[in-house]
Amino acid sequence: MTKTLWEYHYAAPSSGRKLLLLDKTELVFALPLIYRMVHPESVAERAEWFQLNQSQLSYTELIANLNLLVQLRKKNQSVDVQLKLVNGQLNQYFSDLGWRMVRKELSQIKKRQKKSHIEVSKDIILRLKRYMELEGLDSFDQALDTLLSEHTAAVAALRDEQIPS
């Protein structure tokens with residue numbers, strides 16, 4: 001599916017990335033955010049993020065269509081037509097600034113989903129740092145990936161030696 005571009009209400013920016021509407025791969029992250037941001041209380045707090053002439057009229061319709069989108073997604077049915085409808089309504093509901101803020105928050109949510117935090121003792125951190133210096137590695141990710149790859153290769157070699165030919 002091709003990316004659907006945001007239709008600007010005012011002049012489109014001359015530089016930078018063009019804003020995109022929602023893609024079906026983003027729905028799991030985007031839907032909770034959208035529900036939270038389209039709520040009338042949010043509209044009242046951040047009026048400049050919304051097309052006020054549209055938002056009062058279309059809130060219930062938008063919520064009904066978002067709910068239908070969620071139901072289709074849960075049932076593993078095609079969401080393409082419903083997503084196109086919801087994207088059109090979101091384009092009418094949000095201002096250019098508001099949608100930019102939605103995309104910014106969505107980007108942060110996706111970034112947080114990619115990161116994991118584990119607690120490691122200071123002793124292990126020092127050992128990892130020494131290993132990184134010896135191997136010329138720049139990050140803990142690289143060090144752990146290298147160690148795990150070496151371990152996997154060593155285990156595979158042991159298994160190959162133990163299997164009689």
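Select tryptophan 6 and tryptophan 99: their rings are stacked, 5.2 Å centre to centre with 5° between the planes. Planes under 30 degrees apart count as stacked, over 60 as edge-to-face and the rest as tilted. Tryptophan 6 sits in the segment before helix H1 (27-38) and tryptophan 99 in helix H5 (residues 96-114), so this pair ties together parts 93 residues apart in sequence.

Before moving on, note that this is a predicted model: local features need pLDDT of at least 70, side-chain atom pairs count only at pLDDT 80 or more, and totals for chains, interfaces and linings use all residues. Residues are numbered from 1 along each chain as its sequence is written, and side-chain values use heavy atoms, leaving out hydrogens and water.

Are the two tryptophans buried or exposed? Tryptophan 6 is buried at 4% relative accessible area, and tryptophan 99 is buried at 0%; buried means under 20%, exposed over 50%, partly exposed in between (1.4 Å probe, protein chains only).

Next, go to valine 70 in helix H3 (residues 52-74); helices are DSSP runs of H or I, at least four residues, numbered from the N terminus. Valine 70 is buried, with a relative accessible area of 16%. Leaving aside residues up to four places away in sequence, valine 70 touches Leu31 and Tyr35, with contact meaning heavy atoms within 4.5 Å.

Notes
Helices (H or I, at least four residues) and strands (E, at least two) are DSSP runs, numbered from the N terminus. Rings of Phe, Tyr and Trp (its six-membered ring) pair if their centres lie within 6.5 Å; planes under 30 degrees apart count as stacked, over 60 as edge-to-face and the rest as tilted.
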